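Reader: I have a structure to go through. Walk me through the main points, please.

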Amino acid sequence: MKPNLDSASTTTDRKQPQCYNSQLKPCYHQTTARYTSSSTGKCKRLTVQSVNPSLRSDWNEHDVQSNTPTSTRLAGWLTRMMFNPSSETFLWLFIWLFYIIALFLPSGEPAFAIHYKPYLMRFVGQLWAARSPREYSLRARAAGEDDEHVRRVTHALYPRFLMVYNKDERRWSMVTVDAEVKQKPYVAVTYCYDDVINSGSMDELIDRARDATLDQGFDAYWLDEECLFKDPVQKAQDLYRMSDVYRLASFTLIILSNKSAWPAWGSRVWTLPEALLSRELRYKAGNDAVTSISLIHIASLAYSHHDQESQIINSYGLGKDPLERLDRNLQLKEAIWRRESFQGRYPAEKVYALMGFFEHRILPNAEETELQALARLFMANDNDRIADRMISMFPRDRRGINQWYTKEDEYDAKLWDIEPSVQVIGITSNGSLVLDGCRAATIRWKNFPSVAFATSRSIRRLLALALPYIAFTLFVASCAMISAGNQSASVSASLGGSSQVAGGGVLLTFSLILLIFSPIFTTYGHSGRVVLARPWLIGVKGVISAQEASDYLYGGQIGNSRRTLYTPSGSPLARPRESDSKFREGHVSQYNAALSAPPFDPIEGHMFTLIDTVSGTIYYFRAHRPPTVCLFTGSEGGQGRFVLASEECSSSELRRETVLRMPSFISAYMLTCDWVALGGKP
């Protein structure tokens, strides 16, 4: 008998836990879409209600389901059939009988709570880099960093080495004595590597730098080819103080093979900080003499995007157009990212070029990615809270939705418009930001729950709710009267028995009429404006209307009370009512637009619907996976920024799926959760 290899491999796989819960207990399951149960904290397979269920999803899908009381749900259907007959009207009598039975079946009232369902999971992994030096971080351990030594490097402003000309010996030598370096005026040399290689050799560049230094009356210069250590640890310290090399130089000398080499020089990553941070700029093209040049002139010759960088150039070159620090740093970041870095160098070289403009810098690490380095730089300069704000932004380019870094916001908000409510306290090995202070709620996907709610009550509605039970009582009483009258008539032929039967018949007819119309009474009794509802966030794959959402939540109604409203500005698909209404409300056209849109977009993902019972609002959005967690991360423009995220249980991290603008006050109904990791690579 041959062994079952599939069974054996499955058994072997299951020996390795797929994830760990918040108590670090291992969990074994298949690699499917998962979520954390808000009741038990256990990792479960995700089940999603869908308008059009599919069998090819990574999660289970079934039809949209409602958990409103059976009698209320049946009453709504019967009422709808009475006023709007359809091909299913022939089932009315059978459904009506079930409705009558359901009226008297015991059903527990849904419990009320003042908070959304909590998110019970936390980030349980190790931090790759931490804000606090008291927290263990994998980066510091792997690099073997000495915190005291790093702090000493942090406050060093001078180059560690200079090339100095000895007049007596008529030769150049490297000076490494700190006292001598600090007292020596020097020239900082910048060049383009490709330009040097294509036009000559590095030795020729060194000779030209030395001749130009002496020609300008100096006897010391700094050139990265000669003054940077090759050892990774030492080189990291040199890169750390690179900005200070150019700040403290008497002037910066730009060496070009010829005047047509300006664009090649300007395309380098480091040329922007080298030029902006220098006291004075001079250049030498070919065999021409050394010539002074202004930053404005350099920008027109060397920077292909100088029109987009004009504010930065004017701010540094002319002292005009002063920029706010946050705006300036972001513009500098984008300007540096447009430039090319050398292959084979640090993956985060652009970040190290950028950090010279910040008050606090970070020690370079050859193993970290750009996102990790950016997060460390932003954490070190917490005054602007760049990363804290950026996590609340909705990327215009959806291909970057999973990453925390966001260049442009879909809602056209600037970074300084966002007031963060969370703090970034670290970053993971995957590049996710670890957040503290989040208010969070879970999103229910398997069905519509039985919602505890209260409506605006009236005597008529209370009477309408009581009428079906009164009618049934009259029905029982009429049957008893008819039975008693028939017995009396059979014993003795008397008028009393006949009148009793006749009275019972009239009462029976009246009770049956009331029972037939009882679905209308029940529906009317549960109608009216919803004044209070238990907090729930409910998701549906596909598109449903606001009226359908209300029916699933509260049952059918009679009247025009709008229990669920469309959002006027909460999602990219939102549309406000404009001059046709004097109220701030969403337009129904967003439902029609979402309904007519393709169910799936390769870049933006599936179409989903989210219903919030606290604000009574419905949202349409796209995402690649059903988001199971809603995080309140900040406020902007009178609305809260809520990040909807899916769960990666294997790493205990969250993936940002979309960002909605929801009323800020609903965050008060969310409970604060433990650390969460958000926004790394998928």
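Author: One term before we start. Helices here are DSSP runs of H or I with at least four residues, strands are runs of E with at least two, and both are numbered from the N terminus. The model is predicted.

Reader: Good. Where does glutamate 88 lie?
Author: In the loop between H2 and helix H3, which spans 92-104.

Reader: Is glutamate 88 buried or partly exposed?
Author: Partly exposed, because its relative accessible area is 39%. Leaving aside neighbours within four places in sequence, glutamate 88 contacts Trp77 and Met81.

Reader: Back to H2. At what angle do helix H2 and helix H22 pack?
Author: About 115°, with the axes 8 Å apart. H2 is residues 70-83 and H22 is residues 518-525. The crossing of H2 past H22 is left-handed.

Reader: Which residues make the contact between H2 and H22?
Author: From H2, Ser71, Thr72, Ala75, Gly76, Leu78, Thr79, Met82 and Phe83. From H22, Pro519, Ile520, Thr522 and Thr523.

Reader: How many of the eight residues of H22 are buried?
Author: Six of the eight, so H22 is largely enclosed by the rest of the structure. The buried residues of H22 are Ser518, Pro519, Ile520, Thr522, Thr523 and Gly525.

Reader: New topic, the core. How many residues has the largest nonpolar core?
Author: It has 138 residues, and Trp265 and Trp404 have the most contacts inside it. Helix H18, residues 370-380, supplies the largest share of this core, seven residues. There is also a second, separate core of 21 residues, which includes Phe448, Tyr591, Ala594 and Ile611.

Reader: What does tryptophan 265 touch?
Author: Not counting residues up to four places away in sequence, tryptophan 265 touches Thr190, Tyr191, Cys192, Ile254, Leu256, Thr271, Ala275, Ile298, Ala302 and Tyr303.

Reader: Tyrosine 303 again. What sits over the ring of tyrosine 303?
Author: The charged end of arginine 339, 4.6 Å from the ring centre. Tyrosine 524 has a charge over its ring too, from arginine 461 at 5.6 Å from the centre.

Reader: On to ring pairs. How many aromatic pairs are in the whole structure?
Author: A search finds 25. One of them is phenylalanine 394 with tyrosine 411, a tilted pair at 5.8 Å centre to centre and 40° between the planes. Both lie in the loop between helix H19 (386-390) and strand S15 (419-420), 17 residues apart.

Reader: Why does phenylalanine 394 count as buried?
Author: Because its relative accessibility is 2%, and the cut-off for buried is under 20%. Tyrosine 411 is buried as well, with a relative accessible area of 16%.

Reader: Which residues form one aromatic cluster?
Author: Phe104, Tyr469, Phe472 and Phe475.

Reader: Last topic, the backbone. What is phi of leucine 24?
Author: Near 65°, a positive value in a residue other than glycine. Leucine 24 lies in the loop between strand S1 (19-20) and strand S2 (26-27).

Reader: And what is the phi of arginine 385?
Author: Positive, about 50°, although arginine 385 is not a glycine. Arginine 385 is in the loop between H18 and H19. Its relative accessible area is 23%, so arginine 385 is partly exposed.

Conventions:
Residues numbered from 1 in each chain as written. Predicted model: local features only at pLDDT ≥ 70, side-chain atom pairs only at ≥ 80, totals over all residues. Heavy atoms only, no water. Phe/Tyr/Trp six-rings, centres within 6.5 Å; stacked < 30°, edge-to-face > 60°. Buried < 20%, exposed > 50% of the residue type's maximum accessible area, 1.4 Å probe, protein only. Lys NZ or Arg CZ within 6 Å of the ring centre and 35° of its normal. Core = buried A, V, L, I, M, F, W, Y, C linked by side-chain atoms within 4.5 Å. Contact = heavy atoms within 4.5 Å. Axes fitted to C-alpha atoms, helices over the stretch in contact; angles between N-to-C directions. Left-handed = near helix turned anticlockwise from the far one by under 90°.
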